[in-house]
Amino acid sequence: MSAVGKPITCTAAIAYEANKPLTVTEIVVDPPKAHEVRIKIVKTAVCHTDAYSLSGVDPEGLFPCVLGHEGSGIVESIGADVTNVKVGDHVIALYTAECGKCKFCLSGKTNLCGSVRATQGKGVMPDGTTRFHDKDGKPIYHFMGCSTFSQYTVVADVSLVAFDKSVSFEPTALLGCGVTTGYGAAIKTANIQKGDTVAVFGAGTVGLSVVQGAKSRGASKIIVVDLNNDKKDWSFEFGATDFVNPKELKDSEDIVSKLIEMTDGGLDFTFDCTGNVNVMRNALEACHKGWGQSIIIGVAAAGQEIATRPFQLVTGRVWRGSAFGGIKGRSEMGGLIKDYQSGTLKVDEFITGRRPFTEINAAFEDLHNGSCLRTVLDTST
Ligand code: NAD
Ligand code: DAO
Ligand code: ZN
């Protein structure tokens with residue numbers, strides 16, 4: 001029997017409080033209101049940002065909530081005035097919305113969108129209420145406009161993109177965050193050109209995706225810097241030309257001087273994919289005088305600040321940042337899916353584990369394992 005227009009009771013993983021395991025339990029998901037879409041989530045992956053918010057240090061973290069922002073599924077029903085998707089469409093949830101009408105979207109200068117930003121940060125839908133309730137009717141907050149750790153979720157119509165049904169749900173779930181973030185930072189934010197030299201600090205899903213973006217652009221040198229030697233083979237598989245472990249440098253060397261020596265004066269582009277502010281400084285200072293650009297992707301712990309001597313910037317190095325790789329989720333995701341289909345963009349290779357949804361807490365534990373990139377959860381099990 002169709003549930004269109006009615007609440008759905010389904011299984012979700014609730015974060016009731018910081019630093020506690022998620023509770024896998026039944027919740028009620030209300031039908032979508034105007035400009036909203038209810039999605040049956042098929043696959044979702046766990047990312048460090050979910051763990052960051054669960055740890056309680058995220059200033060926007062609210063409890064109880066349904067976490068999760070890397071996920072794909074099927075449109076179950078649509079609210080009034082939804083015109084961009086229809087029931088049955090296969091879709092990716094987007095934490096970076098694209099309305100196409102706000103000052104940000106119309107600027108042509110950024111992929112940030114202002115349309116749902118204020119309510120998204122408060123864990124509610126654009127009308128200020130939630131679509132999630134526990135069995136006693138108490139509201140449960142949304143997360144990053146996505147909340148993919150549930151068999152059903154409701155998102156704003158500007159916060160999802162449809163994809164061709166010939167593409168499966170696992171890679172598209174991953175395109176909802178980490179892979180798109182790194183690849184986009186390389187090909188869009190930095191716009192790496194043939195022959196450029198690149199250093200990537202941190203070889204997780206984000207950093208390795210920067211590597212493959214740099215490779216696709218024909219970078220002449222792609223140096224991965226990581227403290228974990230287990231990341232060496234992966235780095236080369238994704239396209240790195242060199243791997244440096246800062247812990248293995250000689251006493252007389254530091255990572256900045258080592259990189260400058262390896263590249264005859266410094267890099268054209270460096271990327272922080274660690275979230276460590278000391279690494280961010282090294283990444284900036286390893287850039288070539290006069291033109292090198294350093295792109296911050298990593299999310300630092302709350303309250304952390306970056307520092308360098310201003311002369312580093314006076315002498316032409318540029319410090320920038322990138323959210324979701326600068327990719328506009330609705331108008332540009334199709335291009336990334338084409339790159340995936342043509343083999344230019346590896347996505348399946350990031351899946352280092354699969355688990356039933358009921359093992360979601362074990363999937364959070366997987367993140368602490370140095371050889372984990374992404375664990376994908378199947379919401380039907
Ligand atoms: P990850 O933990 O899988 O990878 C991080 C890597 O950095 C690991 O391989 C680790 O060994 C390495 N590392 C840690 N400290 C290091 C150091 N001091 N020097 C060198 N290497 C070091 O993480 P991920 O999923 O790839 O995400 C990377 C970062 O990007 C996180 O901070 C995440 O929150 C952030 N992120 C940002 C965006 C965005 O839009 N800006 C989107 C997604 C993720
Ligand atoms: O528009 O003010 C804004 C914020 C947009 C959200 C950008 C998030 C980037 C980093 C988040 C980590 C990824 C999961
Ligand atoms: Zn907008």
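Q: Into which domains is the protein divided?
A: Domain bounds come from an automatic or database domain assignment. In this predicted model, the protein is divided into domain 1 (8-176 + 347-378) and domain 2 (182-323). Their centres, taken over C-alpha atoms, are separated by 30 Å.

Q: How many residues of domain 1 are in contact with domain 2?
A: Contact means heavy atoms within 4.5 Å. Here 11 residues of domain 1 are in contact with 15 residues of domain 2.

Q: Which residues touch the most other members of the largest nonpolar core?
A: A nonpolar core is a set of buried Ala, Val, Leu, Ile, Met, Phe, Trp, Tyr and Cys residues joined through side-chain atoms within 4.5 Å. Buried means under 20% relative accessible area, exposed over 50%, and partly exposed in between (1.4 Å probe, protein chains only). The largest core has 81 residues, and Phe149 and Phe271 touch the most other members. Its largest share, 6 residues, comes from strand β1 (residues 8-15); helices (H or I, at least four residues) and strands (E, at least two) are DSSP runs, numbered from the N terminus. Domain 1 and domain 2 each give this core at least three residues. Apart from it lies another core, of 14 residues, including Val244 and Leu259.

Q: Is Ile360 buried or exposed, and what does Ile360 touch?
A: Ile360, in helix α12 (residues 360-366), is buried, with a relative accessible area of 0%. Beyond residues up to four places away in sequence, Ile360 touches Ala13, Leu22, Val24, Phe149 and Leu377.

Q: Where is Ile351 found, and does Ile351 count as buried or exposed?
A: Ile351 is found in strand β17 (residues 351-356). Because its relative accessibility is 12%, Ile351 counts as buried. Leaving out residues up to four places away in sequence, Ile351 touches Glu170, Leu174, Arg374 and Val376.

Q: Why does the second largest pocket lie where it does?
A: On a 1 Å grid over the protein atoms alone, a cavity is a set of points where a 1.4 Å probe fits but cannot get out, and a pocket is an open set with protein on both sides within 12 Å along at least five of seven lines; lining residues have an atom within 4 Å of a point. Domain 1 and domain 2 both give residues to the lining of the second largest pocket, so this pocket lies between them. The lining includes Lys109, Lys188, Arg320 and Lys328. The volume is about 230 Å³, where grid points are joined across faces, edges and corners, and a volume is the space filled by probe spheres set on the points.

Q: What volume has the largest cavity, and which residues are the closest to its centre?
A: The largest cavity has a volume of about 100 Å³. Of its 13 lining residues, Gln120, Val124, Met125, Pro126 and Gly145 are the closest to its centre. Strand β9 (152-156) gives the most to this lining, with 3 residues.

Terms used: Residues are numbered from 1 along each chain as its sequence is written. Chains are lettered from A and ligands numbered from 1 in the order in which they are written. This is a predicted model: local features need pLDDT of at least 70, side-chain atom pairs count only at pLDDT 80 or more; totals for chains, interfaces and linings use all residues. Side-chain values use heavy atoms; hydrogens and water are left out.
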